[in-house]
Amino acid sequence: MKTTMRGLTLAAIMLSASSAMADNNDSRYFDYDQDPGQSAVGDLPGYGDEAYYAETASYAEESRTSAARAPKSAPVVAEESNEYQPVSYNSLQPTSHTQHVGEYSGDYIESAYGAYSGGGCSSGSCGSSCDSGSCGSGCGCGSCGSGRIGRVMSGCGNSTWAQAEALLWFPQERSSVPLVSRADGAGSNSALDADGVTVFGNQLGGDLSGGFRGDFGKFITRNVGFGGRFWILGDNTETFSTQSDGANESFGIPFFNTDAGLVGENAVVISGLAGAPPQNFAGEVNAESKLSLFAAEAYGRFRFGSGGGFNLDLIGGYTHFDIEDDLFLNSRRIRTSGAQVGRVDEFTDSFQAENQFDGGQIGFESVMTRGRWMARSLTKVHLGNMNQRLSTSGTSQTTVPGPPDTVTPFSNGIFNSGNATGERDVFTFAPEVNFKLAYRFRPNVLLSAGYTFIYWDNVALAGEQVNRNVDATRLLTNTASTDPFRIVDSSLFVQGVDVGVILDF
């Protein structure tokens, strides 16, 4: 009987030990990283023969989640106690973790181009606590506020963004009247209703211009941020220059003659035959059209909605635009035959239009992230006052060879009479669209490429200010023009590609 009891006791002990071994090797609770030949209990480095067990099911779940990142030590049961003593969670955290290629945390994705990085509250063990109104100090950011308004104005973490881009933009071609005409053949007439064709004017500029744009800002709370942006576009310039002896071609400045006796198309001959009896001129023409643009903005952004790697921000703030358009036309001719051979006539006309916009802006910016890729869309409209200022000048002079030379200045050019300045204020709206695609090749660095379109509906452009109705009787005189000073409205847009780098930290 004793032998039988001893056998049963021994069998019970062995079954109990087997059960303990099976429980301790359950992968639901622990993930050992050790030699398979070693025992699962009692011989782990730094531990004795006793084991602690997890106090609650939540700790078991936590152990399963973090098992893939680092080995966890087996807990040991306290001696002569029916209560379970959990091992400190901090003592089980891995000391280091190597980030694999292509592995980015949620913080990196959320922080793409100004999106709130979250700090400790948007991710980690207390992310859910913030949603309910508070966040423990373990998050590293203190309290997240209570209630909906508290979460909006919470100061948990921050995010700063900076962007630098090279602009490759095409401004719209600027309209103007015909400014220089040309006709082929000896004795040809450069007037547009005769042999002349326009060689400068009608459409000016429109070629590629380079520039720079910078954008920087910071989220001061989880949902509220402030930023500034500026951009500048290099001068978009078109020039024209020619000279001729007038033997086989004719150049001129075309205009519509309002002289009562000679109403119709005409031209100031710079090279070629003119006058009665005909006189030959040799001359040169130099013209230039130049457009420059600058913008500065200060704005706020409010997190309008987010979720699933998508953020939608409401944008609002202040905008300043500076748009300058200049047109210069200079011509010089020398009489090579007929009366007063060697006489020199010079004509100068200039138009300088400056537009300064000051107003507000409102719109939306959406950011979508998928892994390393980010897509961004910015649509907004600028509304406010456009101050248009126009300055014109016109001069001419003749030089009759001596000795001594006789120089006679006149206060009229071809299109302008003396100097004149005027300005006015008009309401203007300017819609803006920007699409961007970026790739994150470093945790805080993205390379981007995008497209931008901006349109202004009320702009004064220099070429539109030229009044080609000219009374030929006042050329090379001091007779003032009777035409009223005017500012003509036009429109302008720019579009093109922008490439750059985005930093968020």
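Within strand β6, Glu 249 is the bridge partner of Asp 184. Helices and strands here are DSSP runs numbered from the N terminus, with at least four residues (H or I) for a helix and at least two (E) for a strand. The model is predicted, so local features need pLDDT of at least 70 and side-chain atom pairs count only at pLDDT 80 or more, whereas totals for chains, interfaces and linings use all residues. Residues are numbered from 1 along each chain as its sequence is written, and side-chain values use heavy atoms, with hydrogens and water left out.

Two strands count as paired if DSSP finds at least two bridges between them. Strand β2 also pairs with β3, again in the antiparallel sense, over 6 bridges. Here Ser 181 has Thr 198 of β3 as its bridge partner. How many residues of strand β2 are buried? The count is 8 of the 11 residues in the strand (174-184), so β2 is largely enclosed by the rest of the structure. In this text, buried means under 20% relative accessible area, exposed means over 50%, and partly exposed lies in between (1.4 Å probe, protein chains only).

The protein chain contains 5 helices and 16 strands. Of its 505 residues, 43% are buried. Contact means heavy atoms within 4.5 Å. Among contacts between residues at least 6 apart in sequence, 73% join residues at least 24 apart.

Aromatic rings give examples of such links across the chain. Rings of Phe, Tyr and Trp (its six-membered ring) pair if their centres lie within 6.5 Å; planes under 30 degrees apart count as stacked, over 60 as edge-to-face and the rest as tilted. By this rule there are 10 aromatic pairs. In one of them, the ring centres of Phe 304 and Phe 364 are 5.6 Å apart and the planes stand at 70 degrees, so the pair is edge-to-face. This pair links distant parts of the chain, since Phe 304 is in strand β8 (residues 279-307) and Phe 364 is in strand β10 (residues 344-370), 60 residues apart. Phe 304 counts as exposed at 51% relative accessibility, while Phe 364 is partly exposed at 35%. Phe 321 and Trp 456 form another edge-to-face pair, with 5.4 Å from centre to centre and 90 degrees between the planes. These two residues, in strands β9 and β14 (residues 445-459), are 135 residues apart, and both are buried. Phe 321 and Trp 456 also belong to one aromatic cluster with Trp 169, Trp 231 and Phe 357.

Strand β9 (residues 310-335) also holds Gly 316, which is partly exposed, with a relative accessible area of 28%. Which residues does Gly 316 contact, leaving aside its neighbours within four places in sequence? They are Tyr 299, Gly 300, Gln 361 and Ile 362. Gly 316 and Arg 301 are 15 residues apart in sequence, yet 6.6 Å apart in space from C-alpha to C-alpha.

Finally, some backbone angles deserve a look. Most residues other than glycine have a negative phi, and most peptide bonds are trans. Asn 202, in strand β3 (residues 197-204), has a positive phi of about 70 degrees although it is not a glycine. With 34% relative accessibility, Asn 202 counts as partly exposed. Leu 476 likewise has a positive phi, of about 55 degrees, and sits in the loop between β15 (469-470) and β16. At 17% relative accessibility, Leu 476 counts as buried. Two peptide bonds are cis: Gly 402 to Pro 403, with omega near 15 degrees, and Pro 403 to Pro 404, with omega near -15 degrees. Pro 403 is in the loop between β11 (373-400) and β12 (406-410), and Pro 404 lies in the loop between β11 and β12 as well.
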